[in-house]
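Subject: Structure handover

Hello,

Here is the structure I promised to pass on. Please open it alongside this note; my findings follow below.

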Amino acid sequence: MLAIALVPFALATIVGVLLLYPFGHQQRTGAGLGFGQDPVNAEVVSAVVGSCTQDSPDQGGCVVLGVRMQDGPRPGQTIQQVVPTDPGSPRFAVGDRVVLSYAGANPDDPASYQVVDFQRGAPLLVLALAFAAAVIVLGRWQGLAALVALGLSLVVLVGFVLPAILAGQDPLLVAVAGAGLIMFVVLYLTHGFSARTSTAVLGTLLSLALISVLSAVFSAATSLTGLDEDTSSLMGVLGAPIDARGLLLAGIVIGALGVLDDVTVTQTSAVWELRKANPALSWRQLYKAGQRIGRDHVSSAVNTLVLAYAGAALPMLLAYTLSGRTFGEVVSSQAVTQEVVRTLVGSIGLVAAVPITTAIAAAVAVREPAKAAAGRIGSSVADRVGRAAATGSETATVWWRPPNRRPGR
């Protein structure tokens with residue numbers, strides 16, 4: 001039953017990836033798009049308050065940095081860079097590792113360089129290693145498989161989704177195909193090939209399809225264009241139009257996939273554990289018990305999703321707060337409305353994932369052979385907990401007997 005349901009989706013995903021992959025397309029990058037700047041790693045060796053111009057050396061307002069280049073055309077050479085100290089500029093100190101932008105002109109002229117960023121490779125590497133260690137310590141081999149699946153997800157995004165969108169393919173179709181490929185790879189690699197995993201995959205697929213339809217409908221109903229500052233800059237760089245609304249929808253689909261995986265896998269595991277605790281439970285009892293677990297999970301997941309989007313858009317929300325506009329005007333603006341649609345559509349998908357996945361999991365779990373016969377279910381703690389979860393009982397399922405009291409008294 002699961003194979004009949006999943007094989008068409010798997011084939012459609014493979015065919016979609018093959019049809020949408022930009023075979024033979026040569027995407028211009030770097031200097032071909034006007035990016036003639038080369039990064040140069042450097043270190044700040046001195047920082048002195050000084051003038052922003054050579055015409056007024058006695059005036060302050062800037063910091064004169066002595067920067068020693070670590071690579072680039074003149075490694076080991078120290079040059080001076082003038083950096084403003086206004087509130088919108090970063091602060092630099094001696095010992096900071098920075099990135100210079102080299103324009104390709106005279107390598108001995110300090111004007112050919114500009115401080116543009118900090119070096120962050122080492123801290124990010126330490127954080128990544130700490131994350132990997134935490135996952136492996138807790139998850140062991142399954143945690144290692146999860147890390148491999150994470151790497152493959154990044155490969156799909158960088159190797160398929162981004163090139164296909166840049167080649168002019170429909171962003172929503174690319175996102176659906178890429179999300180399907182990520183889902184199959186991640187779930188089966190992390191949790192293994194089993195009926196339990198297949199159930200989570202099917203629940204994720206159906207919920208993702210619902211999110212795709214809802215995002216397309218409500219983005220059109222709210223007249224979202226997707227033309228924010230980043231998208232407009234991208235079009236200007238490429239010199240070619242991109243389906244901005246499709247790019248917005250693609251972001252909604254890919255962003256919802258990670259949370260959907262969490263919900264569907266949790267629901268499937270809960271149903272299987274209930275079945276294991278009490279093999280005598282019927283489909284209806286398993287479904288009701290799983291639904292009770294899912295309500296708590298969805299309540300917290302929706303709140304997490306809303307707060308995650310609010311945190312990402314916090315500078316924008318602060319700017320709108322200072323604008324003096326009413327709440328209705330702020331919410332109906334392009335930038336805020338697309339975040340509202342993204343949040344609410346994703347939340348509806350999460351809510352729908354619980355009954356969909358729970359119903360499929362209960363239907364599959366009751367057909368798996370139980371390890372213990374139903375007639376032998378007695379008074380063990382696991383049996384009582386399973387029956388209580390299925391019936392919603394609030395009475396005690398485990399009784400404590402003082403050590404000095406004999407059984408039956």
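Start with helix H6, which bends by about 30 degrees at leucine 257. H6 covers residues 244-277, 34 residues in total. From first C-alpha to last, H6 reaches 50 Å, close to the 50 Å expected at 1.5 Å a residue. Bear in mind that this is a predicted model.

**Overview and confidence**

The protein has 409 residues, and 36% of them are buried. Its secondary structure comes to 11 helices and 5 strands. Take the contacts between residues at least 6 apart in sequence: 66% of these join residues at least 24 apart.

Mean pLDDT for the protein is 81. A value of 70 or more is reached by 86% of the residues. Two stretches need care. Residues 372-382 stay under 50, and the model gives them 11 contacts beyond four places in sequence. Residues 394-399 are also below 50, with 5 contacts beyond near neighbours in sequence. Where pLDDT is low, predicted coordinates should not be read in detail.

Which residues touch the most other members of the largest nonpolar core? They are Phe160, Val174, Met183, Val201 and Leu286, out of 59 residues in that core. The elements giving two or more residues are H1 (2-20), H2 (121-166), H3 (171-191), H4, H6, H7 and H10 (334-365). H6 gives the most, with 13 residues. In soluble globular proteins, nonpolar side chains tend to be buried together.

Leucine 286 is worth a click. Beyond four places in sequence, leucine 286 touches Val271, Leu274, Arg275, Leu281, Thr358, Ala362, Ala365 and Val366.

A separate core holds 15 residues, among them Val44, Val67, Val98 and Tyr102.

Valine 98 sits in strand E4. Its relative accessibility is 0%, so valine 98 counts as buried. Leaving out residues up to four places away in sequence, valine 98 touches Val40, Asn41, Ala42, Val44, Val67, Phe92, Val115, Asp117, Phe118 and Gln119. Arginine 120 is 22 residues from valine 98 in sequence, and their C-alpha atoms are 8.7 Å apart.

Threonine 199 is in helix H4, residues 195-221. Is threonine 199 buried or exposed? Its relative accessibility is 0%, under the 20% cut-off, so threonine 199 counts as buried. Beyond four places in sequence, threonine 199 touches Leu2, Thr268, Trp272, Thr357, Ile360, Ala361 and Val364.

**Aromatic pairs**

A pair of aromatic rings is described by the distance of the centres and the angle of the planes. How many aromatic pairs are there? The count comes to 6. In one of them, phenylalanine 92 and phenylalanine 118 are stacked, at 5.0 Å centre to centre and 25 degrees between the planes. This pair links distant parts of the chain, 26 residues apart. Phenylalanine 92 is in the loop between strands E3 (78-84) and E4 (97-102), while phenylalanine 118 is in strand E5 (113-118). Phenylalanine 92 is buried at 16% relative accessibility. Phenylalanine 118 is partly exposed at 25%.

Tryptophan 283 and tyrosine 287 make another pair. Why is this pair called stacked? The ring centres are 5.4 Å apart and the planes lie at 10 degrees, and planes under 30 degrees apart count as stacked. Both residues are in helix H7 (residues 283-312). They are 4 residues apart there, so about one helical turn separates them. An α-helix has 3.6 residues a turn, so residues three or four places apart point the same way. Tryptophan 283 is partly exposed at 36% relative accessibility. Tyrosine 287 is partly exposed too, at 21%.

Phe184, Tyr188 and Phe193 form one aromatic cluster.

**Positive phi angles**

Arginine 140 has phi near 55 degrees, a positive value in a residue other than glycine. Arginine 140 lies in helix H2 and counts as exposed, with 65% relative accessibility. Serine 223 has phi near 60 degrees, again positive and not a glycine. Serine 223 sits in the loop between H4 and helix H5 (229-238).

Best wishes

Methods: Residues numbered from 1 in each chain as written. Predicted model: local features only at pLDDT ≥ 70, side-chain atom pairs only at ≥ 80, totals over all residues. Heavy atoms only, no water. Expected span 1.5 Å × (residues − 1). Bend = angle between axes of the 7 residues up to and from the residue. Buried < 20%, exposed > 50% of the residue type's maximum accessible area, 1.4 Å probe, protein only. Contact = heavy atoms within 4.5 Å. Phe/Tyr/Trp six-rings, centres within 6.5 Å; stacked < 30°, edge-to-face > 60°. pLDDT = per-residue confidence, 0-100. Core = buried A, V, L, I, M, F, W, Y, C linked by side-chain atoms within 4.5 Å.
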